[in-house]
Amino acid sequence: MSSAMEALYSGNKDEHPEPIKAEVRGQLPTWLQGILLRNGPGMHTIGDSKYNHWFDGLALLHSFTFKNGEVYYRSKYLRSDTYNCNVEANRIVVSEFGTMAYPDPCKNIFAKAFCYLSHTIPEFTDNCLINILKAGDDFYATSETNFIRKINPQTLETLDKVDYNKYVAVNVTTSHPHYDSAGNVFNMGTSIVDKGRTKYVLFKIPSSVPEQEKKKSCFKHLEVVCSIPSRSLLHPSYYHSFGLTENYIIFVEQPFRLDIVKMATAYIRGVTWASCLAFNKDDKTWFHFVDRKTKKEVSTKFYTDAMVFFHHVNAYEEDGHIIFDIISYTDNSLYDMFYLKNLNKDFEENTKLTAIPTCKRFVVPLQFDKDAGVGSNLVTLPSTATAVKEKDGIYCQPEILCEGIELPRINYDYNGKKHKYVFATELQWSPIPTKIAKLNTQTKEMLHWGGEDCWPSEPIFVPSPDAREEDDGVVLTCVVRTDPEKAPFLLVLDAKTFTELGRATVDVKMHLDLHGMFIPEQDLKTETE
């Protein structure tokens, strides 16, 4: 098992910039035309140096292009400044979250002092390895720093570097933006340098620019929607995603926090930025709801127990309540499992999940009887979730939808609306997905797909053009194999029945990825545009 896991996680993968025709088995829908574009870490060793953590590896983009029943595969490393500097030096010279690099050996006290000062607010990496963002007609590789990289989704070529900080004062951002029906992008970032006023900033990138400014970037028209002050100036919450409904922005401030003072001194102390994150199990998790029209936060204080979470599933409004689903953990052990030193003979024992991912549904009453007594449950919808009035606010407890799923996706046409289905990876004894699952949130029934020696990625739902129901369409997932005799493949499932429609096998060493998107053919620019 350990060598198999090592092959999955820590080896450097070759890139395949020219299209490779996949062998298609089964019958793909004729309407499935476009590109599945995925992102994730693909290189963990440079020269004699190695990254400490799987999430630190250099970004490797890969894609499956569907054209008239045929499928073509490509992969290419993101040519970030980080990639170019590391490759040129033949060692890791740019720090990542779990790996601190020292380009200049600080040999004397003056050099050490200079290094310390220059890293107080660090110049973060542009190794954008987590997700893909669409802004206007363009596509970008993203991570959680202030940098994103424009890419060509057809050739996987790396283009311009964009610094959010030129348009909005944020130092870190999420890799899970939201899109409205007009194609505008909403995202959140933390501002930790604004005269000691640490805050969470929600901003909007318009889908188009005025006709007379066609040559200008849509980022030049970026606008701040609102900001939420951090409960602690020096310890802002870490967050990977946020929620959106028709009328509200949902921000969950969890007690998994970044210590700014520790981060400012990490370089001189010789520790990683990851070591500056800490979870306080005795603290509360606070829910913030911002009215999208007035841009003001709901004044009632809502909170729940301490938890760590990365992924929102969806959120919607019903009868004066906000309902939102998230995947949460009771501690922060998940991140530690992906340190590459754990990929040894004791891998299975080391990576036993101490906290099982749990899909929770919170039901939060925005409208309630103000005269209700302390101890009253204010939820009036049929749910086992509660919101109990306390002296200092409203204490929320969730309904458990299921356990053991991660990387959730929905039919995005239902984003911010009442949804029924969640597509996700399924976890067993470790954080590595072994199956794909479809959860019915109303009945809590689940459908599964899995195979021997099959390690699937985040499932992506693609609606059929004439869809009448929420699950009319297909689910796409990349399946990696550990057996060198078995080739990886792209799996296409009927989203309704969860039966296999077909698979596109490609004879390459494919990497495990993180997130991505399906780009329909009509959203791709032609070569002449």
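**A walk through the predicted model**

Let's begin with an open sheet of six strands, which run in the order β17-β18-β21-β22-β27-β26 with mixed pairing. Its edge strands are β17 (243-244) and β26 (386-390), each of which pairs on one side only. Keep in mind as you look around that this is a predicted model.

Inside the sheet, take strand β18 (residues 248-253) and strand β21 (residues 284-291): they pair in the antiparallel sense over six bridges. If you want a landmark there, find Phe 251, which stands opposite His 288 in β21.

Now turn to the aromatic rings. Searching the whole structure gives 27 aromatic pairs. One of them is formed by Phe 310 and Tyr 329, an edge-to-face pair with 6.1 Å centre to centre and 70° between the planes. This pair links distant parts of the chain, with Phe 310 in strand β23 (residues 308-318) and Tyr 329 in strand β24 (residues 321-329), 19 residues apart.

Elsewhere, Tyr 140, Tyr 164, Tyr 167, Phe 203 and Phe 219 come together in one aromatic cluster. The charged end of Arg 231 sits over the ring of Trp 286, 3.7 Å from the ring centre, while Arg 292 lies over the face of Phe 186, at 5.0 Å from the ring centre.

An unreviewed UniProt entry places the feature "binding site" at His 176, His 240, His 311 and His 515. These residues are spread over 340 residues of sequence, yet they cluster in space, with a largest C-alpha distance of 12.4 Å.

Look at His 311, which lies in strand β23. At 8% relative accessibility, His 311 counts as buried. Beyond its neighbours within four places in sequence, His 311 is in contact with several residues, including His 176, His 240, Glu 406 and His 515. With His 176 there is also a polar contact, side chain to side chain, at 3.4 Å.

His 515, for its part, is in strand β38 (residues 515-520). Its relative accessibility is 3%, so His 515 counts as buried. Leaving out residues up to four places away in sequence, His 515 touches His 176, His 240 and His 311, and among its other contacts are Arg 38, Asn 131 and Glu 458.

Methods
Residues numbered from 1 in each chain as written. Predicted model: local features only at pLDDT ≥ 70, side-chain atom pairs only at ≥ 80, totals over all residues. Heavy atoms only, no water. Pairing = 2+ DSSP bridges. Helix = DSSP H or I, 4+ residues; strand = E, 2+ residues; numbered from the N terminus. Phe/Tyr/Trp six-rings, centres within 6.5 Å; stacked < 30°, edge-to-face > 60°. Lys NZ or Arg CZ within 6 Å of the ring centre and 35° of its normal. UniProt positions renumbered as here; feature names shortened; annotations may be inferred. Buried < 20%, exposed > 50% of the residue type's maximum accessible area, 1.4 Å probe, protein only. Contact = heavy atoms within 4.5 Å. Polar contact = N/O pair within 3.5 Å; in protein donor to acceptor, adjacent residues only side chain to side chain.
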